[in-house]
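This report looks at salt bridges and helix packing. The structure comes first.

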Amino acid sequence: MITFPESTLVGKTVPKTAFYKNLEVNARMKQRFVDDVASVTWVAKIAPSTLNVTDGKTVHEITVFRMVLKKEEVPSDVLMLIDKQMPRHTVFMLQHEGKCCLYVNYKEWHDAEQRQFDIVKTYQTAWVKEADIVLNIEGSTMDAVFSSFVHQIAEGLLDANTTDLHTAVMANMEHEQLQKSINSLEQQILKEKQPRKRFEMHQRLVKMKAKLNQ
C-alpha cells in the first residue's frame, strides 16, 4: 500500500469536468470520461513546499491522482489528454475492484518557458491487489523524486545505473524499436524463398541481436 508523508496529502475530490471544460475536447473524448472514469481524487502534492526537497531544473511539482475506473482497461488517451495539459508532472493511481496499477507519462517541456509538455513515453505497472502496490519517495530534489517514480513504475525497463532520466528513457525506446525490427526481420526470413537473400537477412539479424545484447 502506498503511504505518502502527511504533509503532502490533499485528499480532494476533483470533478471530471474540471479536466476538459476549458479544453478543446471532442464529444467522443468527453464520453470516454463518462464511460471509463468513476471518480478522481487529488491524493498528494509533492513539492518543495510540502516535502523536504529542493526544486528541480525540470520538475517543480508532482500531482498524484487516484482514478477509479469502471473497467480494468487503462484509458490511455484520457490520461494523456489530462497530463499534456497539466502544468506539472503527474502520477496516476488507477483502481478497479480491489486492484490497482500505477501509470506515468515521461514528458519534457516543449518550450524554454516551460509552458507546455510533449509526452515522450508512457510506463505502467501490472494490475495487482491494492495492498501490494508500492511507490516510494526517493531523492533530495524534485527531478530525482520524479526520476525515482518513473524507474519504479517502469519495473526494470530502465537502466538503474543511468542517473539521467532522459538518457535512460531514450535508451529504452531505442531498445524497443530495435526489438521490433528484429521481430519483423525474423518474419521476413521465414517468408523468403531465395537462399542468398535469406543468408544476407540472417547476417543482418545477427548484427541487430548483437547490438540489442549490448
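This is a predicted model: local features need pLDDT of at least 70, side-chain atom pairs count only at pLDDT 80 or more; totals for chains, interfaces and linings use all residues.

E176 forms a salt bridge with K121, with the closest N and O atoms 2.6 Å apart. The pair links distant parts of the chain: E176 sits in helix α4, K121 in strand β6 (residues 117-124), 55 residues apart. K121 counts as buried, at 16% relative accessibility.

## Other salt bridges

The whole structure holds 9 salt bridges. One of them joins K107 to D83, the closest N and O atoms being 2.5 Å apart. K107 lies in strand β5 (residues 99-109) and D83 in helix α2, so the pair ties together parts 24 residues apart in sequence. Both K107 and D83 are buried.

E174 pairs with K211 in a salt bridge, with the closest N and O atoms 3.9 Å apart. This pair links helix α4 to helix α5, 37 residues apart. E174 is partly exposed at 46% relative accessible area. K211 is partly exposed at 48%. Salt bridges with shared partners also join R32, D36, K71 and D77 into one network.

## Helix packing

Helices α4 (residues 165-191) and α5 (residues 195-213) pack at about 160°, their axes 10 Å apart. That angle makes α4 roughly antiparallel to α5. Their contact has 9 nonpolar, 5 polar and 6 charged residues. The crossing is left-handed.

Helices α1 (residues 27-36) and α2 (residues 76-85) cross at roughly 105°, with axes within 10 Å. They are therefore roughly perpendicular. R28, M29, R32 and F33 of α1 meet D77, V78, L81 and I82 of α2.

Note on methods: Residues are numbered from 1 along each chain as its sequence is written. Side-chain values use heavy atoms; hydrogens and water are left out. Axes are lines fitted to C-alpha atoms, for helices over the stretch in contact, and angles run from 0 to 180 degrees between N-to-C directions. Helices (H or I, at least four residues) and strands (E, at least two) are DSSP runs, numbered from the N terminus. Angles under 35 degrees count as roughly parallel, over 145 as roughly antiparallel, 65 to 115 as roughly perpendicular and the rest as oblique. A crossing is left-handed if the near helix is turned anticlockwise from the far one by less than a right angle, and right-handed if clockwise. Ala, Val, Leu, Ile, Met, Phe, Trp, Tyr, Cys and Pro count as nonpolar, Asp, Glu, Lys and Arg as charged, and the others, Gly among them, as polar. Contact means heavy atoms within 4.5 Å. A salt bridge is a side-chain nitrogen of Lys or Arg within 4 Å of a carboxyl oxygen of Asp or Glu. Buried means under 20% relative accessible area, exposed over 50%, partly exposed in between (1.4 Å probe, protein chains only).
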